[in-house]
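Colleague: Could you walk me through the labels on this one? I'd like to hear what stands behind each term.

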Amino acid sequence: KFVVQQYIRRTQDKFALADLYLPQLSIFIEINEPFHKNNTEVDRIRNEEISHVTNSVPIVIDCDNSIGNIHSQISKLSSKSNKPL
């Protein structure tokens, strides 16, 4: 079961919404639109905090690419999830 826009408390006064969270696989997927290009340090810190709190691995899908490239990123992610953990 996956959860979209999962609320995650990062610190006492900060929270984040993980775009797609798969707790059974210990991963969360972050969908980065072009806006994220200007916030790489903020995104890195947020992903580290989410990873620490959830004990999950972040996977980033970069949507500032061609549709073919985005499909390729998703295919690579799908092939990872088909392998036994």
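Modeller: Here are the labels, one by one, with their cut-offs.
Modeller: This is a predicted model, where local features need pLDDT of at least 70, side-chain atom pairs count only at pLDDT 80 or more, and totals for chains, interfaces and linings use all residues. Residues are numbered from 1 along each chain as its sequence is written, and side-chain values use heavy atoms, with hydrogens and water left out.

Colleague: What makes up the chain in terms of helices and strands?
Modeller: Two helices and four strands, running β-β-β-α-β-α from the N terminus. Helices (H or I, at least four residues) and strands (E, at least two) are DSSP runs, numbered from the N terminus.

Colleague: Why is the pair of Tyr7 and Phe15 called stacked?
Modeller: Rings of Phe, Tyr and Trp (its six-membered ring) pair if their centres lie within 6.5 Å; planes under 30 degrees apart count as stacked, over 60 as edge-to-face and the rest as tilted. For Tyr7 and Phe15 the centres are 4.9 Å apart and the planes sit at 20°, so the pair is stacked. The structure holds one aromatic pair.

Colleague: How do you know that Phe15 is partly exposed?
Modeller: Buried means under 20% relative accessible area, exposed over 50%, partly exposed in between (1.4 Å probe, protein chains only). Phe15, in strand E2 (residues 15-22), comes out at 46%, so it counts as partly exposed. Tyr7 has 41%, so partly exposed goes for Tyr7 too.

Colleague: What forms the nonpolar patch on the surface?
Modeller: Tyr7, Phe15 and Leu17, with about 290 Å² of accessible area together. Patch residues have over 30% relative accessible area and no salt bridge; nonpolar side chains (Val, Leu, Ile, Met, Phe, Trp, Tyr) are joined within 5 Å, like charges within 9 Å. A salt bridge is a side-chain nitrogen of Lys or Arg within 4 Å of a carboxyl oxygen of Asp or Glu.

Colleague: Why does Asn55 count as exposed?
Modeller: Asn55 has 63% relative accessibility, so it is exposed. Asn55 lies in the loop between helix H1 (40-54) and strand E4 (57-62), and its phi is positive, near 55°, in a residue other than glycine.

Note on methods: Areas by Shrake-Rupley, 256 points an atom, 1.4 Å probe, with all protein chains shown as cover.
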